[in-house]
Each structure stands twice: as C-alpha cells, then as structure tokens.
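Here is a short briefing for a first look. Please view the sequence and the structure before reading on.

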Amino acid sequence: MPTIARPMPALGEIARVNILIVHSHPEPASFNGALTRAAVASLGEAGHQVEVSDLYAMRFRPASDRSNFVTVKDAAYLKPQQEETYAAEHAGFAPELEAEMRKLEACDLLIFQFPLWWFGLPAMLKGWVDRVFAAGRFYGGGRVYATGVMRGRRAVLSFTTGGPAASYAADGPHGDIATLLRPIQRGMLHFIGFDALRPQISWGPARASAAERDAMLAAWRARLASIFDEPPMPPGSY
C-alpha cells in the first residue's frame with residue numbers, strides 16, 4: 001500500500017513526533033552508540049515516540065536478493081525493481097523488511113547514525129537502504145524528489161569521521177564533505193521525498209579528549225531540543 005505524504009507536524013500542533021533512528025555501528029560502546037543513546041534519551045524525555053533500528057544488534061542482512069520477497073513475479077530472472085513493485089502490490093515483502101518499511105512510513109523524522117567509512121555509508125546501512133527503499137513502495141510512477149512518497153518528512157545524517165573538519169574542507173585532502181554526502185542526502189533521502197536537515201557531524205571523536213567528546217554529545221542534545229523548528233536545507237544545496 002503506498003505511503004501517504006504528510007507535512008512535518010509542528011510542535012505546537014501535536015504533543016508527539018515519531019522519530020526513527022537507524023543505527024549502524026558494530027560496537028555498542030562506540031561514540032556512535034553514545035550519540036544514539038543521547039538522542040533516544042533527549043527525544044524521549046521531550047515526549048516523542050522514538051524507535052531505533054540497531055542494525056548490528058538485529059543482525060540485519062544487507063544483501064538484497066529473492067529473500068526480500070514472499071511473492072515471485074518472474075522466477076526465471078531476478079530484476080529487483082520489478083519484484084519490489086510486484087511485492088508492493090501484493091503484500092509480498094519478507095516480514096523483516098515489512099517491519100522496517102512500516103517504521104519508515106510512520107516516522108516524521110529519520111535519523112541515520114553511523115561512522116563515515118570509505119567516504120560513505122557502512123555496508124550494513126547501505127544495505128538497509130537497498131532493501132527498504134523499495135520501488136512501488138517508496139518511489140516509482142513519477143513519485144520522486146518533490147513528489148516523493150516521503151515528502152513532508154525530514155531526515156538528518158548524524159555521523160562520525162576519522163579526521164578533523166579541516167580534512168573535509170574544499171581544499172582539504174579528502175575534499176568537500178558536502179560532495180561526499182550528496183549521494184546520500186540527494187540520491188537516497190531526497191529521492192524518496194525527504195527534506196534533508198543540515199548534517200550533525202562529530203569530527204574525529206577517536207582522537208578527541210573526553211571533554212571534547214562530552215561537548216559533541218551536548219551539542220547533539222541541544223540541537224535535538226529544537227530540531228523540529230529547523231528549516232530544511234534547500235534541495236539545490238545537497
């Protein structure tokens with residue numbers, strides 16, 4: 001059943017906002033884990049409904065194949081988009097994927113929490129996108145970008161880096177961070193309709209002092225207190 005687009009609710013209109021955090025890090029005691037726990041605590045204390053998909057704890061399987069489906073459109077040749085569209089029309093997604101899709105459909109705000117690995121999403125999180133952002137369910141039939149299924153909702157990337165901010169400047173050795181994020185913010189999130197908020201970047205926590213890491217956590221908690229009042233980034237900027 002197609003998702004019905006809806007505007008992002010204002011805090012003055014409702015008491016509770018639905019947030020989905022998709023967390024991707026193999027170590028619970030990592031700084032990414034601390035950021036997720038801070039978000040859950042802060043948002044929960046504010047009265048919002050927070051759901052976490054902890055992909056490693058769930059043992060989520062990132063590979064996309066026929067196990068995504070309980071229906072079959074063409075048994076002789078696997079064309080993922082064709083099978084996804086058929087599954088969307090015939091309640092044919094595997095139970096574990098259907099559960100994630102329903103979490104996504106219910107959220108007003110999506111948070112990806114992850115370490116930036118090899119200039120992109122960890123394989124586990126990229127696999128979640130591959131399997132959950134399914135044709136027929138979240139895009140297709142002209143429903144992309146401004147007409148996307150998830151229009152009216154917002155998404156934010158919260159992630160850690162291995163190097164300092166200067167490494168990701170336009171003239172830095174790794175290049176402009178905005179360029180690295182474009183395939184995620186525009187090619188994945190905005191493609192299915194989400195408006196992107198500016199990313200929350202925790203620069204080099206592994207090399208930071210305890211006080212610096214505490215400051216990063218405090219900054220994330222402070223931002224979350226008013227994140228629903230933030231304007232989205234202009235689509236042309238990402």
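Predicted model: local features only at pLDDT ≥ 70, side-chain atom pairs only at ≥ 80, totals over all residues.

Residues are numbered from 1 along each chain as its sequence is written, and side-chain values use heavy atoms, with hydrogens and water left out.

**Helix H3**

- Helix H3 covers residues 95-106 and has 12 residues. Helices (H or I, at least four residues) and strands (E, at least two) are DSSP runs, numbered from the N terminus.
- From its first C-alpha to its last, H3 reaches 17 Å, close to the 16 Å expected at 1.5 Å a residue. The expected span is 1.5 Å times one less than the number of residues.
- Leu-97, Glu-98, Glu-100, Met-101, Lys-103, Leu-104 and Glu-105 are buried in H3. Buried means under 20% relative accessible area, exposed over 50%, and partly exposed in between (1.4 Å probe, protein chains only).
- The cover over these buried residues includes S1, strand S2 (49-54), strand S3 (109-115) and helix H4 (123-132).

**Salt bridges**

- The whole structure holds nine salt bridges. A salt bridge is a side-chain nitrogen of Lys or Arg within 4 Å of a carboxyl oxygen of Asp or Glu.
- One of them joins the side chains of Arg-102 and Glu-98, at 2.8 Å from N to O. Both residues lie in H3, four residues apart, about one turn of the helix.
- Arg-102 counts as exposed because its relative accessibility is 56%. Glu-98 counts as buried, at 17%.
- Glu-100 pairs with Lys-103, and their closest N and O atoms are 2.7 Å apart. These two also lie in H3, three residues apart.
- Glu-100 is buried, with a relative accessible area of 2%. Lys-103 has 17% relative accessibility, so Lys-103 counts as buried.
- Salt bridges that share partners join Glu-98, Arg-102, Glu-105 and Arg-137 into one network.
- An α-helix has 3.6 residues a turn, so residues three or four places apart point the same way.
- Another salt bridge links Glu-230 with Arg-223, the closest N and O atoms being 2.8 Å apart. Both Glu-230 and Arg-223 are buried.

**Helices H1 and H6**

- H1 packs against helix H6 (residues 210-224) at an angle of about 35°, with axes 9 Å apart. Axes are lines fitted to C-alpha atoms, for helices over the stretch in contact, and angles run from 0 to 180 degrees between N-to-C directions.
- From H1, the residues Phe-31, Ala-34, Leu-35, Ala-38, Ala-39, Ser-42 and Leu-43 meet Arg-213, Met-216, Leu-217, Trp-220, Arg-221 and Leu-224 of H6. Contact means heavy atoms within 4.5 Å.
- The residues of this contact divide into 10 nonpolar, one polar and two charged. Ala, Val, Leu, Ile, Met, Phe, Trp, Tyr, Cys and Pro count as nonpolar, Asp, Glu, Lys and Arg as charged, and the others, Gly among them, as polar.

**Two serines**

- Ser-42 is found in helix H1. Ser-42 is buried, with a relative accessible area of 16%.
- Leaving aside neighbours within four places in sequence, Ser-42 is in contact with Arg-221 and Leu-224.
- Ser-30 sits in the loop between strand S1 (18-23) and helix H1 (31-45). Ser-30 counts as buried because its relative accessibility is 10%.
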